[in-house]
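Dear colleague,

I am handing over to you the structure below, together with a summary of what was found in it. Please read the notes that follow alongside the model.

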Amino acid sequence: MKMKDAVSASFGFKQQALQVALWSTWLAGFLLIGLSLYATQLLPSLMDQGRPDRAPMEDKELLSGLTVTIFSAPGAFVGSVGARQAMAIHSWLALSPDLQVVLFAQHPSVLSFGKALEPRVTVEGDIDFTFLGTPMFHSMVTRARTSNSDIAVLIEPESVLLPDFMTALQYAHGLEHDWLLVAMSPKVSYFPFYMESQGQWFEEGGLLVEHEKVQQYYMQKHQWINCEGGKLWAWNTGELPLHAGVMPPFIYGKGFHNEWLLNEAMSSDFRFVFDASEAISIFHPENGLNFNGHSTENVAIADKVGRIWEIEGNMHLAALYGSFYFRPANFSNKPVKLVECDGKYYMINPPNEPKYQQAIKQESSASEFNSDREGLKRIHKNVKLMTSFRRFFLGKRQRKPSVRLDKSLVQGSGRSYRWKNMILGSIKRGPRAECIHISNTEGRKLDCSTSELKVDLKPALTLSLSFSLESLLQKVANHENTIVLAVVGNNYRDMLMSWVCRLRRLKINNFLVCAIDHQVYEFAVLQGLPVFMDGPAMNISFNDCHFGTKCFQRVTKVKSRVVLQILQLGYHVLLSDVDVYWFKDPLPYLKSFGPGVLAAQSDEYNETGFYFARSDHATIVALDKIVKHAALSDLSEQPSFYDTLCGEGGVNRVGDYLCVEPETNLTVHFLDRNKFPNGAFNGLWEKSNLKGACKDQGCIILHNNWISGRKKKLERQVASGLWDYDVSSRMCLQRWQGAKSMSSY
């Protein structure tokens, strides 16, 4: 019995032990499964610590599919400047096969350079340029904003880029909010490498080198030049604008436009603005030579002497538009900085912010991202925290890090925006803290406050070109010494710009503007037009200077006087009122009449708003007679024009289309009314399809006259579709813009 009990007890003990062992095995199994799941979840974090956030160039996984278009405005590809520009562009193309380059230029050498690199490089002339060929910055930015790429970049034409630029863009592309990146371009005084179309770097002597060696040389030799030098802009092509309001017509490379854009972008709060100067490798190779005249924001002293009006004009616009002028003298426009530290990217606050020594690690999910667009538009520009955008999504690695916004946005009278679910902690001693200390030291060199610009920013009292009439004629006249002349007052400045834009679209650049008041003169200077004043300014009525008024009579007499002056300087003149719409270039047709002939629009209603006069003896004498006759008349110039050339009552008429002035033997040829109709011919302006009717009729030009009042004239021309200027943006309408508001009056 005792034996049986002992066996039974032993069996029970073994059974219990087996149960304990089974439970232990199950528990261990569960623990192993849990540990495995935890390790799986933790794996990206561990990978992050063992691998930089920034992908090396060889890692195509992160870079593939990211489309980038780089926009730039190079000068002529001649000499050392052309060589530096070519090297810079080749460095861009070597960054990624998905990268395209658009060059804004009109010079034939740029067209030849771009053609050799098609289809990855295209040259566009369909933006606004000054009469000296310098691009207008607002037009450049607007064109770049229409890019269909993931990211658009605007860069100085001599700025070399190295591969870490693409990894920084990939990082920025992961941000869930629209962003704007800005970077300063340091200089490298002597750069012993060059790159050609192969996309590889070579040392002087033709030896192939790896890009790591070029990168190392840049890190050792680059020098910051304070607030001078060019800037790079990059942004994701999202919905939000770069800034509020309208950018004024800055002349590119002549100062103030970069500072203005940075200030307005930060003040507007539409986009997250950050400075990537220390996170990317960008530089100007000097090689002991000067930069291109408009390749940097800083302008050479020699250039200031000859073209100070461009700098003064930009300063004038910066003071009048936006909030740039109203900043305190010690205002610092330093945005948050993107830095690379220990192979990871961080956002840190500028060093003068008290919280820059605090770090945030952000671990938030895309599903929790606040998609409230109004909230997005008002992200606070002064992020006073350093953030490491760790790529977590519930523990799983994501391509796009996200940002969470607190919906509780408004407190009291001011706007206070708080980032959500951020863990605040002090930076630990070690490499990361050391990197941040170095960044703060470097950052002091990039602080571009108004006081450090050493400029008394204020609107100019007067603006004027540093050109006489003679020097302007030398600049704008074509190879046949012919110019197109417009005489205009401020009341028709919008129509002037539409007329200019139309001529530019027809590739006609030999035009000249005679301003009859100070307002339109300064307006034309700021728009980059070749303009001059004829004697004392006139007092022009804005809405009451149409046909039949005293104002109209005084204005018309200026035309023949200025034409005569230019003829006497040896230039042929095509006078055109700004309300004349050009369907095609009329000069080839008009020149066919030869010397001793003045070709004018039909005299049916005494027209003097469109005629071509050659600089020959007969024409000069005849125009002198017209000027003297008009000076003694109480009427407009038009009767003096007809009575002098065709005689009172038309006694000098020869048939339907000719007059012969007897003293000079000058022949006046009245142009075919079907090709050169005025506003009273054939009811064209009443046609529902004016363009179609003019095409069928063979119109070369069409005069928008014989309608009373400036506003009615503008309305009629805009409604007809014969309008080429966007008043709201102060830019010529381009094919890439699409439908836009064309005018306001």
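**Helix H8 and what follows it**

Just after helix H8, Asp269 takes a positive phi of about 65 degrees. Helices (H or I, at least four residues) and strands (E, at least two) are DSSP runs, numbered from the N terminus. This is a predicted model, in which local features need pLDDT of at least 70 and side-chain atom pairs count only at pLDDT 80 or more, while totals for chains, interfaces and linings use all residues. Residues are numbered from 1 along each chain as its sequence is written, and side-chain values use heavy atoms, with hydrogens and water left out.

H8 covers residues 257–268, and its twelve residues reach 16 Å from the first C-alpha to the last, close to the 16 Å expected at 1.5 Å a residue (the expected span is 1.5 Å times one less than the number of residues). Eleven of the twelve residues are buried, so H8 is largely enclosed by the rest of the structure. Buried means under 20% relative accessible area, exposed over 50%, and partly exposed in between, with a 1.4 Å probe and protein chains only. Among the buried residues of H8 are His257, Trp260, Glu264 and Ser268.

**Nonpolar cores**

A nonpolar core is a set of buried Ala, Val, Leu, Ile, Met, Phe, Trp, Tyr and Cys residues joined through side-chain atoms within 4.5 Å. The largest has 122 residues, and those with the most contacts inside it are Leu485, Trp499, Ile566 and Trp582. Helix H15 (residues 493–505) gives the most to this core, with seven residues. A second, separate core of 57 residues includes Phe113, Phe193, Tyr218 and Ala276.

Contact means heavy atoms within 4.5 Å. Leaving aside neighbours within four places in sequence, the residues in contact with Trp582 include Trp499, Arg502, Phe610 and Ile700.

**Strands and their pairing**

Two strands pair if DSSP finds at least two bridges between them. Strand S14 (residues 336–341) is mostly covered, with five of its six residues buried. Strand S12 (residues 272–275) runs parallel to S14 and is joined to it by two bridges, with Phe274 opposite Val336. Strand S15 (residues 344–348) pairs with S14 in the antiparallel sense over five bridges, and here Lys337 stands opposite Ile348. The hairpin of S14 and S15 has two residues between the strands, and in it Asp342 takes a positive phi near 55 degrees.

In strand S26 (residues 597–600), Val597 and Ala599 point one way and Leu598 and Ala600 the other, and all are buried. S26 pairs in the parallel sense with strand S30 (residues 666–670) over four bridges, where Val668 is the bridge partner of Leu598. With strand S27 (residues 610–613), S26 pairs in the antiparallel sense over two bridges, and Tyr611 is the partner of Ala600.

An open sheet of three strands has the order S8-S9-S10, with antiparallel pairing. Its edge strands, S8 (193–195) and S10 (208–209), each pair on one side only.

**A buried serine**

Ser149 lies in the loop between helix H5 (137–145) and strand S4 (151–154). At 11% relative accessibility, Ser149 counts as buried. Its side chain is joined to that of Thr69 by a polar contact of 2.4 Å. A polar contact is a pair of N or O atoms within 3.5 Å; within protein, one must be able to donate a hydrogen and the other to accept it, and residues adjacent in sequence count only if both atoms are side-chain atoms.

Yours sincerely
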